[in-house]
Each structure stands twice: as C-alpha cells, then as structure tokens.
Amino acid sequence: TIILGIESSCDDTAAAIIKDGKILANIIANQDVHKAYGGVVPELASRAHQQNIVPVVDAALKKANIDKKDISAIAYTNGPGLLGSLLVGSSFAKAFAMGLNIPTIEVNHMHGHILAHFIEESEGGGNKPSFPFLCLTVSGGHTQIVKVSDYFKMEIIGETIDDAAGEAFDKVAKMLSLPYPGGPLLDKYAQLGNPARFEFPHPRVKDLNYSFSGFKTSVLYFLKKGLAENENFITENLNDICASVQKTIVDILMINLKKAAKQTGINAIAIAGGVSANSELRKRFQDLTAENFKVYIPKFEYCTDNAGMIAITGYHHYLQQNFGTQQSVPNARMKV
Ligand code: ATP
Ligand code: FE
C-alpha cells in the first residue's frame, strides 16, 4: 500500500510517501514570505501553497522513486487550520485522486501530530507506542493531553483554556524582539542561560487544563519593569530570560501531564506537535524514564508540521477502509 500524504494547513506545503507504514519521502517547502510580518498572513499562505504544491508533490514522488500510477490513495489534511490553506491541499488532493481514479483519505491534522509516532524509518522498525498511551500535543494552535486508546480512538482529557504553548513561546519571543517564529530561537538562547534566574507565576486552572495567557501578561510586565530601570535590560539578560521563561512553560506542561498519568494509571506517554522539538521539554521527558515511565519522543522532522504524519494517519485510515469523498470540504475548526 502506497499513500501520498499532503499537508497544507498553515504555512508549510508538504508532501510525503509512505509504503506499508515506512517513510520513503518527506518533503517540506517553508514559506519565507511571512517573516516580514511577524506572523502568518493567511492570504499569502494560500498563494504560496498554490505555487508550491505541484513541485513539492513532484519532488516527493521523485525522492521515493514512485510512479504516480502506483499510489494507492491520497491522504490530505482536512482541518483544523487556515481555511484558504486547507482548500489548496484538499482541492489538489481531490483532483489528483480523481485523475488517477484512486480514493482520497481525509486526515485530522491533530491525529497526524499524534500518529507521527507510528512512522517507520525502516521495515517494521522504530520504537512505537502501544495503546493506551497519553500524548501531550503541544503546537502553535493546540495544547492538549490526549488519551489515545487506539489509532482513531482519542479523548482529550485536558487542554488549554486560552493560548497554546507554542503561542506562548512565540509571543514572548516577539516581546524580546526575536524574529517569527520565535519558539526555536528562544530555545536556542535558553540553552545558554540560567533557568533559575527569574521566576514567573504558574496559572491556576482546574483539572488537567492549561492556561498561558496570564503567564504571557506576567512576562510582559516583568519586561516593562526591567526596561524602565535599565533600557538594555533585555539585551543584557536575554539568555537568562529565555531560560527562565522556557523552564516555566515546561514546568507547567509537565505538572498536569504527570497528574494525568497518575489519574489514568497510564505510564506510557508521548509528546507531539511543534513544541515537542523544544530541548528542555525533550530533556525533562527523557528524565521520566527514571521514574518508570515509557516515553516516546518524535524525531525532530516529525514534530513541526510535515506530510509524513498525514501519510501515516492516512495509511491507518486505509487499513480500516475509511475513505473520503469528492464532496468533502475542509473544516478549519476540526476537533480531535
Ligand atoms: P497546530 O498544529 O496546532 O494547528 P501549527 O501546525 O502551526 O499549529 P506546529 O507546526 O505543530 O504548529 O508547531 C509550531 C509551533 O512550535 C510554533 O509555535 C513554534 O514556535 C513552536 N516550536 C517549534 N520549535 C520549537 C522549540 N524548539 N521550542 C519551542 N517552541 C518551538
Ligand atoms: Fe501542526
């Protein structure tokens, strides 16, 4: 079974080929046009997807050394995401599938982030989680603790009531005048700083939920105060500020995740989504093996948006004969 996966939910145009669960190609075209605006401009994203989609799919087929006639089905992201961006991938996928007379498969982007853990690098290879496991999905738009009982049996048991963790990273990075997307850069400076230098309050939220908006405001006031006393406050303390902010975000994330493990009695835990690329989160996660947890950390290339995760999710839909229709339209606010 050969699945072509297409991802276009935000600002990356991506295509991947998966053969029987094994990845053969994973191509991503990033869009540089948004840098100048400090965030993704939806209309520009759609236009760039239009330009990128054919060459990216072409490159994936070439890299995998697969002829388009050999594709079994085309899986594409049907939501959540920016509607204009989703429309480019879905229209292309439906048209290409119709031309090849093969089925489409509609993929939920958030399923994709989680099921990225099932991508095989070699035949039958890899350390894949077994069900049930808990997945902390931390990305630009989501922060969720998901109980994963089977490939498509997922239940959100905790989530953010306001900003996502990735948004918190990006917004603080913006306050520090780091270019967009700031998350990875903040991580880079944090590695040079002292995480115990500054303290920020933890939010008070019920159950297994998260909140990052109060934290963001507290960082803003902290910076304002610092700058009022010393106009070079940020530049002189950048590494320590980044390290302290990063530690606080990761602390907040880990507390509820451990609580969730205790409550559910599930000790197999995974991280997924763009923020799972964060060095501190990966380290703290790895440390949990000493506490008898089974931990699953994705390879860097499967953390942020990619089409490999869409293709593997499509493959598991394919095994369950769960196909899409030509009538289907993307849903910008799709839930897990
Ligand atoms: P969603 O999946 O919720 O629709 P998205 O697809 O835009 O959102 P992803 O591509 O999964 O999000 O993740 C992007 C986010 O990950 C950005 O907020 C980015 O700053 C953050 N991120 C990436 N690398 C790191 C890192 N090393 N440290 C912290 N944050 C990071
Ligand atoms: Fe994503």
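Entry one, a pair in the sheet. I looked up Ile-6 and found that this residue stands opposite Tyr-76 in E4. E1 and strand E4 (residues 73-79) pair in the parallel sense over 4 bridges, where I count two strands as paired if DSSP finds at least two bridges between them. Strands here are DSSP runs of E with at least two residues, helices are runs of H or I with at least four, and both are numbered from the N terminus.

A note on the source: this is a predicted model, in which local features need pLDDT of at least 70 and side-chain atom pairs count only at pLDDT 80 or more, while totals for chains, interfaces and linings use all residues. Residues are numbered from 1 along each chain as its sequence is written, and chains are lettered from A and ligands numbered from 1 in the order in which they are written.

Entry two, the neighbours of E2. Strand E1 (residues 2-7) runs antiparallel to E2 and is joined to it by 6 bridges, with Gly-5 having Ala-16 in E2 as its bridge partner, and a hairpin of 4 residues leads from E1 to E2. E2 is also antiparallel to strand E3 (residues 22-30), with 8 bridges between them, and Lys-19 stands opposite Lys-22 in E3. The hairpin of E2 and E3 has 2 residues between the strands, and Asp-20 in the turn has a positive phi of about 50°.

Why is strand E2 (residues 12-19) largely enclosed by the rest of the structure? I found that 7 of its 8 residues are buried, so the strand is largely enclosed; a residue is buried if 20 or more other C-beta atoms, placed from the backbone, lie within 10 Å of its own.

I traced an open sheet of 5 strands in the order E3-E2-E1-E4-E5, with mixed pairing. E3 and strand E5 (104-108) stand at the edges with a single partner strand each, so one side of each is left without a neighbour in the sheet.

Which residues come nearest to ligand 1? Of the 24 residues around the ligand (C-beta atom, placed from the backbone, within 6 Å of it), Gly-140, Gly-141, Gly-166, Gly-183 and Gly-274 come nearest. Helix H3 (109-115), helix H4 (165-175) and helix H5 (183-190) are the elements that give two or more residues to this shell.

Definitions and conventions
Buried ≥ 20, exposed ≤ 12 C-beta atoms within 10 Å, placed from the backbone.
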